Amino acid sequence: MADLRRTARALFAVAVARANPAMALAESLRKHPPALPQPGGRLILVALGKAAIPMMRQAIEMLPPPDRAIAVTNPENVADLPDVEVLAGSHPVPNHMSLAAGAALRAALSNLNAKDRVVALISGGGSALAVAPAGGLTLADKTAVTDLLLGAGVDITQMNLIRQQLSELKGGGLLRAAQPAQVFSYILSDVIGDDLRAIASGPTVAPLGARAMARDFLLSQNLWEALPHAVQTHLATPEDPQQSPANSSVASAHLIGSNRHSLIAVRDQAKRDGWAAHIINDALTGDVEAAATTILSATKAHESGHPAALIFGGETTVQLTGSGRGGRNQELALHVARLGPRALKEHWTFLSAGTDGRDGPTDAAGGIVDSGTWQRISDNGGNPEALLRNNDSNAALKLAGDLLITGGTGTNVADVQIMLLSPQ
């Protein structure tokens, strides 16, 4: 089993390496270079997201010296860059640092003119790392909404639809701030389906929808009454026709990497290593317990007496009913650990982790479990059923010695799951 665990870790490292933001950005800049400022104009570089530092470093290496550069990332990925203003925000729930970062981004884009050019480097996590509450709203309102949506298991696209309605930065807000300068965007996707409007809540593209759509969704999910009063008032107020960025501002937006690219890299490496490797599902979403059942059903269908690597990718959700700590990957791994011994006959090891190296408000990327995980939790003094009911997957996996801890990776292309099967 130790060999299976080492293999799973090595294949996950391949997934992270394929999402290397610097390499992906370099390739895109060569294929799709931004226009340079007109004579007398300025070049502004802004980077937002968990991959902001390596993307900014690569852009500075390949582009002319900028007149101003600012990067906003999570605390784990902060690094000094010469002549770059580097700020840390908070993730997954925004805080005062996120508010300051949002103000700094907007200030960097103020007072631009048509001769100026902006290169925007966008990656996952940007929704929380930098916030600029819409008129009448506060940071506390934004934080309460984020907590509510995370606890309700709302998927990332619907969550970002709502966030866009409450922000001056999201849903094209960065474009509006930069007018009339042209903006060239290079975007690393952490969203399944790679909808550019959903990545970091789409600061450089069109919004996902209108205020009424957000309101209707919240009502349909019985979340409306739990919203802060100021948010209810804001969403219930008829919209003024939102000023769209001038056509001259919307220069280009390029997708430079995604979860699917990483899954293909894992599959290809596993095949080179002699495994029968298959991408089973590249859009694994929904509640983690249902996702665990989906994974185990697919795994059972592939039990054949031959080594097999089954690969999944996506972004699941968790319904929070307890007070424990964990994340969607840790809880998914714990559900597989609970169900797997009864469902599967062959030796197996399962890994689920976030490519950013951080799963929920913990220091773990996810979990790596096998048929003995459930029993190891009990052997070390835990009640696995009670821990799972309390959404305390971090404590449960720690007892089993099954946390996957990588540290911040400097990238973010959602989650990867790897199931390894070996004959008895």
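Q: Leaving aside neighbours within four places in sequence, which residues is Val46 in contact with?
A: The model is predicted. Contact here means heavy atoms within 4.5 Å. With the sequence neighbours within four places left aside, the partners of Val46 are Met56, Ile70, Leu105, Leu109, Val118, Val119, Ala120, Leu121 and Leu174.

Q: How many residues apart are Asp370 and Arg5, whose side chains meet in a salt bridge?
A: The N to O distance of this salt bridge is 2.8 Å. Asp370 sits in strand β10, residues 366-370, and Arg5 in helix α1, residues 2-18. The pair links distant parts of the chain, and the separation is 365 residues.

Q: Are Asp370 and Arg5 buried or exposed?
A: The cut-off for buried is under 20% relative accessible area. Both residues of this salt bridge fall in one class. Asp370 and Arg5 are buried.

Q: Which residues are joined with Arg5 and Asp370 into one network of salt bridges?
A: The whole structure has 16 salt bridges. Some share partners, and one such network contains Arg5 and Asp370.

Q: Why does the salt bridge of Arg42 and Asp116 tie together separate parts of the sequence, and how far apart are they?
A: The two side chains meet at 2.9 Å, N to O. Arg42 lies in the loop between α2 and β1, while Asp116 lies in the loop between α4 and β4, so the pair ties together parts separated in sequence by 74 residues.

Q: Which helices does the salt bridge of Glu289 and Arg338 tie together?
A: Their side chains meet at 3.2 Å, N to O. Glu289 is partly exposed at 39% relative accessibility, whereas Arg338 is buried at 16%. The residues are 49 apart in sequence, and the helices that hold them are α12 and α13.

Q: At what angle do α2 and α3 pack?
A: Two packed helices are described by the angle between their axes and the distance between the axes. For α2 and α3 the axes are 8 Å apart, and the crossing is right-handed. The angle is about 40 degrees.

Q: How many residues of the contact of α2 with α3 are nonpolar?
A: On the α2 side are Pro21, Ala22, Leu25, Ala26, Leu29 and Arg30. They meet Pro54, Met55, Gln58, Ala59 and Met62 in α3. One residue is polar and one is charged; the nonpolar count is nine.

Q: Where is Pro92, which a cis peptide bond joins to His91?
A: Omega of this bond is about 10 degrees. Pro92 is found in the loop between β3 and α4.
A cis bond also joins Gln179 and Pro180, with omega about 0 degrees. Pro180 is in the loop between α8 and β5.

Terms used:
Residues are numbered from 1 along each chain as its sequence is written. This is a predicted model: local features need pLDDT of at least 70, side-chain atom pairs count only at pLDDT 80 or more; totals for chains, interfaces and linings use all residues. Side-chain values use heavy atoms; hydrogens and water are left out. A salt bridge is a side-chain nitrogen of Lys or Arg within 4 Å of a carboxyl oxygen of Asp or Glu. Helices (H or I, at least four residues) and strands (E, at least two) are DSSP runs, numbered from the N terminus. Buried means under 20% relative accessible area, exposed over 50%, partly exposed in between (1.4 Å probe, protein chains only). Axes are lines fitted to C-alpha atoms, for helices over the stretch in contact, and angles run from 0 to 180 degrees between N-to-C directions. A crossing is left-handed if the near helix is turned anticlockwise from the far one by less than a right angle, and right-handed if clockwise. Ala, Val, Leu, Ile, Met, Phe, Trp, Tyr, Cys and Pro count as nonpolar, Asp, Glu, Lys and Arg as charged, and the others, Gly among them, as polar.
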